[in-house]
Amino acid sequence: MILPVTIGREMSVAAAQYAVKNDRPLGLILQRDPAVDTPGPDDLHVVGTVAQVLRYVTTPDGSHHVVCQGEARYRIRELLGGHPFLVARVDRLKEPEAVTKELEAQLLQLRERAAQALELLPQTPQELLQAVKGFKSPGALADLIAGFMDITPAEKQSVLETLDVPARVNTVLGFLAHRIEVLKLSREIDERTKATMDERQREYVLREQMRQIQKELGEGEGAGKELAELAEALDKAGMPEEVAAHAKKELKRLERMPEASGEYSMARTYLDWLVELPWSKTSDTPIDIAGARRILDEDHFGLGKVKRRIVEFLAVRKLNPEGHGPILCFVGPPGVGKTSLGQSIARALGRKFVRVALGGVHDEAEIRGHRRTYIGALPGNIIQSIKKAGTRDCVMMLDEIDKVGASVHHGDPSSALLEVLDPEQNKAFRDNYLGVTFDLSRVLFITTANMLDTIPGPLRDRMEIIQLPGYTEEEKLEIAKRYLVRRQLEANGLAPGQAEITDAALKAIIRDYTREAGVRNLEREIGSLLRNVAARIAEDAIASARVDVEDLAPILGPAKFEAEVALRTTLPGVATGLAWTPVGGDILFVEASRTPGAGKLILTGQLGEVMKESAQAALTLVKSRAAALGIADNLDKADVHIHVPAGAIPKDGPSAGVAMYMALASLLTGRTVRSDTAMTGEISLRGLVLPVGGIKEKVLAAMRAGIRRVMLPARNRKDLVDVPEAARAELEFVWLETVDDAARHALEPAEAAPHAADRPVDAGVAAGV
């Protein structure tokens, strides 16, 4: 081999220079310990290489180099002294020239493995490969391969000292086998690394090209800045530790995405939602009980019991801010102020108010949100409303909770609301879109409903029910004067001095143009009056106007409700009943007629099964008391027809039993039922009057219709405390133990027709339930 050697010791430099000058061979020998600076006989191996110096080079930095060509092995016999460098008497070691078959086989194997190793090396010269294949001497080829192979000096020395050629070839073959495996593994790693690097390089090139394109188009210049701002916003959002870690992980994913990717916008929108939610932001406004009472009185007239319960609720919140108070549920007819009560509570607390409309919701995802795997996914209405409020302690009104639906394919929203309204669970509410928990325990939930029957039992169990009855005529008048007229003046652009509605006109509107538990229709009628005034003022026809009773008919048309009670009950066979509906109480008429026949009972008016059974029980009860009532006719030869008008409206319930009994008794005795009397109650076959529900709503409906006497089951006497004081003062109550009490108080004497003076002059009635 030709090999450059760097020499540094003075005696080594002297030896090289002497060999060059005198054309003598140079002996190369390996030290046993490289750290020994002045080696002796024991520090050197005994077998070395005879080399001919081809060139001697001295570089500018003072170092010395020789280019040597190896010629043969030698063994040191003895070192000679008296020279400035090491001199030794040696024996040259010759290679045996005989080649056996075994050596030929080893030579072939050595060539193959050497060629295999060279092919695995990068940028191998073809000349070297050809030289390996052209070697005829196994020993020389083994020496060449060992010289080029990346093995330790000690391993190379062992090859040099192995004079037996087959043994030397086997040693080199072992080194080659190991090296080939290392080279194969290295190539596999290189190929995998190269593939990865190629893919990354490709992505880098494409992203760089895209960046340059976006730069030319003026796009994407602020992407880095936006991500930095987003990271800063995440740090300032005040998220819980678990949520913050999740958000940072999503941000890292976003940073690796190209902006043109469809997933980029979804991930960015998700992080925007996490940033904008009020994880730790609260109102921190102290509760002022006196101020809350004042606000409730300013915003609402009447409702004393409801206001008292709300003040108690706020007082508990003030004394125990971290406590889990009940979920209030306001139940009542439309227009009685359920939603505005929630707004007043928020104003009294100094908190933001948000409303979630649940009417018609039939998809669980409306409450819990959609999973992010869906295109266009969003959080549920609960999380959206909290984001809208901007604080985690807002007042949230879940409106129309009784109108939540269910779907086989979309889940049950009512079940999802169980978690929302349970103080023990909502502190870790999990929205499907967010994928992390959000604490709802600081949110003040208030719900509203028109009726309780459609609310599932487990959901109703989580709420405290507060009933809101309808308003009396006097309360409606005060509400109109304090709130409705002023609100409609503002809505129609009128100043307070430009239009005035007299108290008499307001009473006439309440009595003749509206028949409702709340005040919505009353406000609409007031709006109609003021729009008429606004139109005349805008035309410069008048400067101001005062609306009185005589002005109602030209503007609102004829009265919509008449004194129907007196007109309908002037004939035998008609009784006035009281009914409960989701929109408040109402009156209904039960009409009975008799025709020749075979004793059949005919029922019309879209009556439900319970109401049909009440009619059958009433007829049986009349027949059993025919003698006591003075009925002499044979009922087996007559058909009895019971009809409840407003036939287009379905009706059901047991509370019309007394009214049906009185209608049949009036028909068969020929005695009319008093026109100023209405009744309710369930009957039994023994003649007992059983208690019913909805007393408060029914009593208010009777008062609105102009009724003066109300007959109620005696066992409902306890419910009278819920009836407003004005209604108790205006109406006469008759308590019924049996149907005989009803007949005694309601039927006119047989020989006397009812006088007009005994009937209410301005009584009105709603035709439907």
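Author: We will go through some helices, aromatic pairs, charges over rings, cysteines and contacts. Keep in mind that this is a predicted model.

Reader: Which residues of α1 are buried?

Author: They are V13, A15, A16 and A19. Looking down the axis of α1, you find these buried residues within an arc of 160 degrees, so they line one face of the helix. On the other side of α1, E10 and K21 are exposed.

Reader: What do the buried residues of α1 pack against?

Author: They pack against four strands: β1 (2-7), β2 (26-28), β3 (47-58) and β4 (64-80).

Reader: What is there to see just after α1?

Author: The backbone at D23, just after the helix, takes a positive phi of about 55 degrees.

Reader: How do I read a pair of aromatic rings?

Author: A pair of aromatic rings is described by the distance of the centres and the angle of the planes. In this structure the count comes to four aromatic pairs. In one of them, Y18 and F85 have ring centres 5.3 Å apart and planes at 40 degrees, so the pair is tilted.

Reader: Where in the chain do Y18 and F85 lie?

Author: Y18 is in helix α1, while F85 is in the loop between β4 and β5 (87-93). The two are 67 residues apart, and the pair links distant parts of the chain.

Reader: Is Y18 buried or partly exposed?

Author: Y18 counts as partly exposed, because its relative accessibility is 39%.

Reader: Which residues form a stacked pair?

Author: F733 and W735 do, with 6.1 Å from centre to centre and 15 degrees between the planes. The cut-off for stacked is under 30 degrees. F733 is buried at a relative accessible area of 16%, and W735 counts as buried at 17%.

Reader: Let us move to charges over rings. Which residue lies over the face of Y270?

Author: That is R372, at 3.7 Å from the ring centre. There is also K387, whose charged end sits over the ring of W273, 4.0 Å from the centre of that ring.

Reader: Which helix has Y270 and W273 among its buried residues?

Author: Helix α9 has them, and its buried residues are Y264, A267, Y270, L271, W273 and L274. This helix runs over residues 262-276 and has 15 residues. Its ends are 22 Å apart, C-alpha to C-alpha, close to the 21 Å expected at 1.5 Å a residue.

Reader: Now the cysteines. How many disulfides does a search of the whole structure find?

Author: The search finds zero disulfides. For C329, the nearest cysteine sulfur is that of C394, 18 Å away. Seen from C394, the closest cysteine sulfur is in C329, and at 18 Å it is too far for a bond. At 0% relative accessible area, C329 is buried, and C394 counts as buried at 0% relative accessibility.

Reader: I would also like to read contacts. What is V87 in contact with, leaving aside its neighbours within four places in sequence?

Author: V87 is in contact with E78, L79 and L80. V87 is found in strand β5, and it counts as partly exposed at 21% relative accessibility. V87 and G27 are 60 residues apart in sequence and 8.8 Å apart in space, C-alpha to C-alpha.

Reader: Where is D548 found?

Author: D548 is in the loop between β14 (545-547) and α20 (552-556). At 19% relative accessibility, D548 counts as buried, because the cut-off for buried is under 20%. Beyond its neighbours within four places in sequence, D548 is in contact with T502, A504 and A505. From D548 to A245 there are 303 residues in sequence and 69 Å in space, C-alpha to C-alpha.

Note on methods: Residues numbered from 1 in each chain as written. Predicted model: local features only at pLDDT ≥ 70, side-chain atom pairs only at ≥ 80, totals over all residues. Heavy atoms only, no water. Buried < 20%, exposed > 50% of the residue type's maximum accessible area, 1.4 Å probe, protein only. Arc of directions from axis to C-beta. Contact = heavy atoms within 4.5 Å. Phe/Tyr/Trp six-rings, centres within 6.5 Å; stacked < 30°, edge-to-face > 60°. Lys NZ or Arg CZ within 6 Å of the ring centre and 35° of its normal. Disulfide = S-S within 2.5 Å. Expected span 1.5 Å × (residues − 1).
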